[in-house]
Amino acid sequence: RRVLGIETSCDETGIAIYDCTQGLVAQAVYSQVPIHAQYGGVVPELASRDHVRKTLPLIRQVMEEAGIEPGAIDGVAFTAGPGLMGALLVGTALGRSLAWAWGVPSIGVHHMEGHLLAPLLEEPAPAFPFVALLVSGGHTQLVEVRGIGRYRILGESLDDAAGEAFDKTAKILDLPYPGGPALAQLAERGDPTRFHFPRPMTDRPGLDFSFSGLKTFALNTVREQLAQPADRDQTRADIARAFEDAVVDTLVIKCRRALKETGFQRLILAGGVSANRRLRARMNEAIAADGGETYYPRLALCTDNGAMIAYAGWHRLNAGQCEPLGFKPRARWPMESLAVVRDEGLV
Ligand code: ATP
Ligand code: MG
Ligand code: FE
């Protein structure tokens, strides 16, 4: 059984084909970054228009590369939310139309479930149950995962997502959009002892996050420090490093706490920020010291892609789920409301 996956929730057009025996057979991601970079952030109307331009050619390209004819596709999965409504409508309309034309079922996939299941495409795949830390541009969530569709939110950001904090702080440091990877690169040459940023909400119990204060802290530090003429470039790197350390430490503290509270041994990280090298290194070290295990998607599957949508869609189609005629995408969509796909047994 083969499923075509279409991702258009934000500023990446992602297309992939997942085959239940062969795994990922083909994939391509087209990034709109150059289009939005000049505005310093995603412009929703431009995102939708560019998805319209790119989805069909990219689907053709991926199918040709894989040598797969339309008749060999058994289902179509598209991102149905959460995300930018105009962008979601492009993938939804196209996915639904292709499925109708090919006479196969289609399924609207929850974007964060896509991120959450991406580590299951790797070897070894984590077994259920596990705790998931979803860290992306729009979300920072700790989720108790007992099976596909069996999600309970343990904690989440009360304001900015971790990726958003990276991007906003990068902007303060005059780094180009999207700032997360650029900030991480600058932090490589930073002195970790020069500045100390707070670790928000770690001094009290609970698993929620708050990252907007770090951006303000960065802004104040920049104003204070860059008023001095001395080595501005090193100062920027030192601030980047202090910021990154604060985010990483905060995420590590909360993940350890979540594993302790659930009694689970396995932790998975997913979403764009899970590509961060320092986060991976420090998380691995801390969780291993507690006797736990950490799992990640390969770097290309941390940020938005079609593979995670094809894979999540395959699980749901395989369980007999599909969308009715009047289906509509949802800009907001709580993950806890998803149907359970497969019961992994009570733990
Ligand atoms: P969501 O999934 O919540 O809808 P999104 O799809 O925009 O948001 P992703 O594509 O998963 O988010 O991730 C993009 C985010 O990841 C951006 O905020 C980006 O700055 C951040 N990011 C990517 N690589 C790194 C890195 N190496 N270090 C820190 N942040 C990173
Ligand atoms: Mg993106
Ligand atoms: Fe995403």
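Two strands count as paired when DSSP finds at least two bridges between them. Strands (E, at least two residues) and helices (H or I, at least four) are DSSP runs, numbered from the N terminus. With that in hand, 8 bridges join strand E2 (residues 12-19) to E3, and the two run antiparallel.

A quick word on ground rules: this is a predicted model, where local features need pLDDT of at least 70, side-chain atom pairs count only at pLDDT 80 or more, and totals for chains, interfaces and linings use all residues. Residues are numbered from 1 along each chain as its sequence is written, while chains are lettered from A and ligands numbered from 1 in the order in which they are written.

**The sheet**
- Five strands make an open sheet with mixed pairing, in the order E3-E2-E1-E4-E5.
- E3 (23-31) and E5 (106-110) sit at the edges with a single partner strand each, so one side of each has no neighbour in the sheet.
- From one strand to the next, the twist averages 20°.
- Helix H10 (residues 307-318) lies across E1 (2-7), E2, E3, E4 (75-81) and E5, at about 130° to E1 (axes are lines fitted to C-alpha atoms, for helices over the stretch in contact, and angles run from 0 to 180 degrees between N-to-C directions).

**The annotated site**
- UniProt, in an unreviewed entry, lists His111, His115 and Asp304 under "binding site"; such annotations may be inferred rather than shown by experiment.
- These residues span 194 positions in sequence, yet no two of their C-alpha atoms are more than 8.8 Å apart, so they gather at one spot.
- Histidine 111 is in helix H4 and is buried, with 27 other C-beta atoms within 10 Å (buried means 20 or more such atoms, exposed 12 or fewer, partly exposed in between, with C-beta atoms placed from the backbone).
- Aspartate 304, in the loop between strand E10 (293-295) and H10, is also buried, with 26 other C-beta atoms within 10 Å.
- Leaving out residues up to four places away in sequence, aspartate 304 touches Glu7, Ser9, Cys10, Glu12 and Gly14 (contact means C-beta atoms within 7 Å).
- On that basis, the contacts of histidine 111 are Ser9, Thr79, Gly81, Pro82 and Gly83.

**Around ligand 1**
- The shell has 24 residues, of which Gly137, Gly138, Gly163, Gly180 and Gly272 come nearest (a residue is near if its C-beta atom, placed from the backbone, lies within 6 Å).
- H4 (111-117), H5 (162-172) and H6 (179-187) each supply at least two shell residues, and H6 gives the most, with 4.

How values were computed
Two residues are in contact if their C-beta atoms, placed from the backbone, lie within 7 Å.
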